Amino acid sequence: MSYSDPPPYGATYREMLLAEVGDKLDLSRVHFLGQVPYETFANVLQVSTVHVHLTYPFVLSWSFLEAMAAGCVVVGSATPPVLEVLRDGENG
């Protein structure tokens, strides 16, 4: 919750995501880790295929750059800070 207000009515971001995408998400391939130590986060990025970064309208986050450094393909929003480093078909 570093970049936004808490979810409404005591919900979680996970609940909000699942309510929005429903059955379209293959939960056997998506992992919700919650808050983890940095070393765990870095290890997860190293074995990940993709990092989803849809933070808007905020600045490019450190996690975005960490994901790129770990070799993840990044899915990001088409916003000016993201487009400074993300190249469609190359690293995102």
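Start by selecting Ser77, which sits in the loop between strand S2 (73–76) and helix H4 (80–83); helices (H or I, at least four residues) and strands (E, at least two) are DSSP runs, numbered from the N terminus. The model is predicted: local features need pLDDT of at least 70, side-chain atom pairs count only at pLDDT 80 or more, and totals for chains, interfaces and linings use all residues. Residues are numbered from 1 along each chain as its sequence is written, and side-chain values use heavy atoms, with hydrogens and water left out.

Ser77 has 15% relative accessibility and therefore counts as buried (under 20% relative accessible area; exposed is over 50%, partly exposed in between; 1.4 Å probe, protein chains only). Show its contacts (heavy atoms within 4.5 Å): leaving aside neighbours within four places in sequence, they are His53, Leu54, Thr55 and Val82.

Next, select His53 and the rest of strand S1 (residues 50–53). His53 stands opposite Gly76 in S2. S1 and S2 pair in the parallel sense over four bridges; pairing requires that DSSP finds at least two bridges between two strands.

Check the colouring by pLDDT, the predictor's confidence in each residue, from 0 to 100. The protein averages 85, and 95% of the residues score at least 70. Among the elements, S1 has the lowest mean (85) and H2 the highest (94).

Now select Phe64, which touches His51, His53, Val74, Val82, Val85 and Leu86, not counting residues up to four places away in sequence. Phe64 also belongs to the largest nonpolar core, eight residues in all, with Phe41, Leu45, Ala67, Cys72, Val74, Val82 and Leu86. Such a core is a set of buried Ala, Val, Leu, Ile, Met, Phe, Trp, Tyr and Cys residues joined through side-chain atoms within 4.5 Å. Helix H2 (38–46) and helix H3 (62–69) are the elements that give two or more residues to this core.

Finish at Phe41, buried at 18% relative accessibility. Its ring and that of Trp62 have centres 5.2 Å apart and planes at 70 degrees, so the pair is edge-to-face (centres within 6.5 Å make a pair; planes under 30 degrees apart count as stacked, over 60 as edge-to-face, the rest as tilted). Phe41 lies in H2 and Trp62 in H3, so the pair ties together parts 21 residues apart in sequence. Trp62 is partly exposed, at 48%.

How values were computed:
Phe/Tyr/Trp six-rings, centres within 6.5 Å; stacked < 30°, edge-to-face > 60°.
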